[in-house]
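Student: I would like to go through this structure and ask what stands behind each label. Please set each value against its cut-off.

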Amino acid sequence: DQKDNPFFFSGLSYYKNDKPLPANFKGKFTDPNFPPNRNSLLALKENGDPIHPEMFRKHRNSLCEFVIEWIRPEGLFNGNSHKLFEGIAVDDINQGDLPDCYFLSALAVLARYPKVIRGLFKTDKLSENGYYEIVLHVDGRPQIVVIDDQIPCYSLFKMPCFAKPKGNEIWVLLLEKAFAKVNGGYLNIMYGFARESFEILTGFGSRYYCWCNYNQETMNEIFEAIKEASQKEINLMTLSSHSNPSKGIASNHAYSALEGLTIISKKKKVNLVKLRNPYGAFEWEGDWCDNSPLWGPEEKAQVKLEKD
């Protein structure tokens with residue numbers, strides 16, 4: 001029954017034999033296949049062995065399980081009411097202390113199309129029993145991923161460790177949790193490629209450019225692809241930085257690419273790209289930054305610049 005959300009996919013199978021919640025279920029649901037414990041946090045099998053030994057060896061010390069507890073949304077917002085959605089916008093997504101910017105930057109781009117986000121959830125209303133069904137494309141086909149609403153939080157501050165909500169809405173927290181579940185645990189979603197995120201969220205293929213061998217021809221090709229996509233009704237793009245960037249760009253970090261365009265400044269063409277940082281911090285400090293003297297009235301008019 002998908003009456004709650006007309007955008008939800010129909011005729012789907014459940015991921016790894018997850019079971020739908022019985023109609024007569026009472027109380028709060030806890031997902032038996034992704035319970036609120038160290039196995040789900042550290043991506044461990046039931047016997048305690050790591051699902052991905054190499055990931056565990058590299059990143060085990062990055063997640064301090066002893067300062068984390070799992071809290072439901074009603075415990076996160078100081079008794080204030082919360083919502084599944086309170087509008088859907090690019091700035092709803094902020095990264096926490098998990099290096100999954102590649103997923104969150106892709107999610108922020110997708111948030112420009114609210115119907116797509118809503119279509120990932122079986123319901124667009126809060127679940128009283130903490131049970132949610134989310135559609136993700138696993139191994140190339142859409143499947144229903146069942147999760148509960150218990151979120152890893154810092155015990156001391158009672159706030160989410162990883163993705164941060166804007167206001168009192170929880171859809172970002174739940175999508176990050178569903179993504180962690182299909183990857184075996186939160187530790188296994190540390191670092192990755194945005195194209196993988198787009199594919200699991202949409203089921204579409206992706207186009208990938210690598211500029212490891214930097215030259216102007218490659219740069220021009222990448223920019224033209226960004227500019228071409230910007231002109232389409234729907235475009236989903238991210239860009240990532242290398243390990244030694246400068247002028248306010250974060251190292252080894254994925255950004256949402258919102259737009260690419262060419263303007264004329266002092267009778268010369270200038271190529272500009274509009275980015276969003278899922279950290280919500282670090283500002284570009286080079287040419288064409290917010291306070292750059294290059295922004296004259298004519299240049300501002302071409303991009304409809306608003307300082308915000």
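Tutor: Start with a side chain: a polar atom of the side chain of aspartate 31 lies 2.9 Å from the backbone nitrogen of asparagine 33. This is a predicted model, in which local features need pLDDT of at least 70, side-chain atom pairs count only at pLDDT 80 or more, and totals for chains, interfaces and linings use all residues. Residues are numbered from 1 along each chain as its sequence is written, and side-chain values use heavy atoms, with hydrogens and water left out.

Student: What is pLDDT, and what does the chain average?

Tutor: pLDDT is the predictor's confidence in each residue, from 0 to 100. The chain averages 89, and 97% of the residues score at least 70. Confidence is highest in helix H5 (residues 171-182), at 97, and lowest in strand E7 (residues 238-240), at a mean of 87. Helices (H or I, at least four residues) and strands (E, at least two) are DSSP runs, numbered from the N terminus.

Student: Why is aspartate 31 called buried?

Tutor: Buried means under 20% relative accessible area, exposed means over 50%, and partly exposed is in between (1.4 Å probe, protein chains only). Aspartate 31 has a relative accessible area of 2%, so this residue is buried. Its place is the loop between strand E1 (13-14) and helix H1 (38-42).

Student: Which residues is aspartate 31 in contact with, leaving aside its neighbours within four places in sequence?

Tutor: They are Val146, Ile147, Asp148 and Lys181. Contact means heavy atoms within 4.5 Å.

Student: What makes the pair of glutamine 150 and threonine 30 a polar contact?

Tutor: A polar contact is a pair of N or O atoms within 3.5 Å; within protein, one must be able to donate a hydrogen and the other to accept it, and residues adjacent in sequence count only if both atoms are side-chain atoms. The side chains of glutamine 150 and threonine 30 make such a contact at 3.2 Å. Glutamine 150 lies in the loop between strand E4 (141-148) and strand E5 (151-154). With a relative accessible area of 10%, glutamine 150 is buried.

Student: How do you know that E5 and E6 pair?

Tutor: Two strands pair if DSSP finds at least two bridges between them. E5 and E6 have 2 bridges, in the antiparallel sense. In one detail of this pairing, cysteine 153 has proline 160 in E6 as its bridge partner. The open sheet has 3 strands in the order E2-E5-E6, with antiparallel pairing. Strand E2 (68-71) and strand E6 (159-160) stand at the edges, each with a single partner strand, so one side of each is left without a neighbour in the sheet.

Student: How many bridges join E8 to strand E9 (residues 268-276)?

Tutor: E8 and E9 pair over 9 bridges, in the antiparallel sense. Isoleucine 263 has valine 270 in E9 as its bridge partner. The hairpin of E8 and E9 has 2 residues between the strands, and lysine 266 there takes a positive phi near 55°. E7 and E8 pair over 3 bridges, again antiparallel. Strand E8 (residues 254-265) is mostly covered, with 9 of its 12 residues buried.

Student: Why is the pair of phenylalanine 25 and phenylalanine 29 called edge-to-face?

Tutor: Rings of Phe, Tyr and Trp (its six-membered ring) pair if their centres lie within 6.5 Å; planes under 30 degrees apart count as stacked, over 60 as edge-to-face and the rest as tilted. A search of the whole structure finds 11 aromatic pairs. In the pair of phenylalanine 25 and phenylalanine 29, the centres are 6.4 Å apart and the planes are at 75°, so the pair is edge-to-face. Phenylalanine 25 counts as partly exposed at 27% relative accessibility, whereas phenylalanine 29 is buried at 9%. Tryptophan 288 and tryptophan 295 also form an edge-to-face pair, at 4.9 Å centre to centre and 80° between the planes.

Student: What makes arginine 118 sit over the ring of phenylalanine 85?

Tutor: A charge sits over a ring if NZ of Lys or CZ of Arg is within 6 Å of the ring centre and within 35 degrees of the ring normal. The charged end of arginine 118 is 4.7 Å from the centre of the phenylalanine 85 ring. Arginine 195 lies over the face of phenylalanine 193, at 4.4 Å from the ring centre.
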